[in-house]
Amino acid sequence: MSLIDDVKGSLGGLDLSPRALRRFGLLVGAVLLALGLWLWRYAGQHAPPGAVPLPALVAVFGAALMAVAAVTPSRLRVLYRRWMTLAFTLGWFTSRLLLIAIFCLVVTPIALVARLSGKRFLDLKPDRGATSYWTRRDPARRVDHRKLS
């Protein structure tokens with residue numbers, strides 16, 4: 001349940017076939033190329049004299065990544081593993097933050113309102129006079145799942 005164990009486990013099942021590496025290189029390269037061109041067009045060319053503007057670097061890196069993916073995708077193995085390590089790490093943190101937010105913003109207020117109104121979702125108090133805690137259900141209310149599909 002630790003970050004390192006989860007990321008290592010996810011990386012262990014990673015597809016490192018030439019097809020997967022080519023797909024990674026072409027997709028990420030195309031996104032970087034499009035981002036670089038968009039930044040070049042709309043962010044302007046505000047680089048100091050003699051320096052290469054950042055949008056141009058992003059676009060060139062994207063084009064180079066696409067070229068390497070098209071010709072020799074096996075050279076992208078290290079970059080792909082590092083990229084996926086970053087992706088799995090971000091996913092680990094994001095999933096936990098989302099679960100915490102949902103619990104704090106949805107489940108806790110519902111539980112507080114239910115408790116204040118006297119609603120108990122579980123019958124946890126022991127009944128000394130009960131012979132069984134089995135709850136009988138009305139067979140007429142049974143749902144036939146075969147008819148639903």
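**Five helices, one chain: a working chat**

Reader: How many helices and strands does the protein chain have?
Author: The protein chain has five helices and zero strands. The model is a predicted one.

Reader: And what pattern does the chain follow along the sequence?
Author: Read along the sequence, the pattern is α-α-α-α-α.

Reader: How much of it counts as buried?
Author: Of the 149 residues in the protein chain, 16% count as buried.

Reader: What share of the contacts comes from residues 24 or more positions apart?
Author: Counting contacts with a separation of 6 or more, 75% are between residues 24 or more positions apart.

Reader: Ok, salt bridges. What's the count?
Author: The count comes to one salt bridge. R96 and D6 form it through their side chains, at 3.5 Å from N to O.

Reader: Where in the chain are those two?
Author: R96 is in helix α4, residues 77-117, and D6 is in helix α1, residues 3-12. They are 90 residues apart, and the pair links distant parts of the chain.

Reader: Why can side chains pair like that at all?
Author: Side chains of opposite charge can pair when their charged atoms come close.

Reader: Is R96 buried, exposed or partly exposed, and why?
Author: R96 counts as partly exposed because its relative accessibility is 25%, and buried would need under 20%. D6 has 28%, so D6 counts as partly exposed too.

Reader: Switching to α2. What span should it have, and why?
Author: Helix α2 covers residues 18-42, which is 25 residues, so at 1.5 Å a residue the helix should span 36 Å. The end C-alpha atoms are 35 Å apart, which agrees. The expected span uses one less than the number of residues.

Reader: Which residues of α2 are buried?
Author: The buried ones are A20, L21, F24, G25, V28, G29 and G36.

Reader: What covers them?
Author: The cover includes α3, residues 54-71, and α4.

Reader: Where does A34 belong, then?
Author: A34 is also found in helix α2. A34 has 45% relative accessibility, so A34 counts as partly exposed. From A34 to P55 is 9.9 Å, C-alpha to C-alpha, and the two are 21 residues apart in sequence.

Reader: Last topic, pockets. What volume does the largest pocket have?
Author: The largest pocket has a volume of about 150 Å³.

Reader: Which residues line it?
Author: The lining of the largest pocket is A111, A114, R115, K119, R120, F121, L122 and L124.

Reader: How many of those are nonpolar, polar or charged?
Author: The lining of the largest pocket divides into five nonpolar residues, three charged and no polar.

Definitions and conventions. Residues numbered from 1 in each chain as written. Predicted model: local features only at pLDDT ≥ 70, side-chain atom pairs only at ≥ 80, totals over all residues. Heavy atoms only, no water. Salt bridge = Lys/Arg side-chain N within 4 Å of Asp/Glu carboxyl O. Helix = DSSP H or I, 4+ residues; strand = E, 2+ residues; numbered from the N terminus. Buried < 20%, exposed > 50% of the residue type's maximum accessible area, 1.4 Å probe, protein only. Contact = heavy atoms within 4.5 Å. 1 Å grid on protein atoms, 1.4 Å probe; cavity = no way out; pocket = protein on both sides within 12 Å on 5 of 7 lines; lining within 4 Å. Points joined across faces, edges and corners; volume = space filled by probe spheres on them. Nonpolar A, V, L, I, M, F, W, Y, C, P; charged D, E, K, R; others polar.
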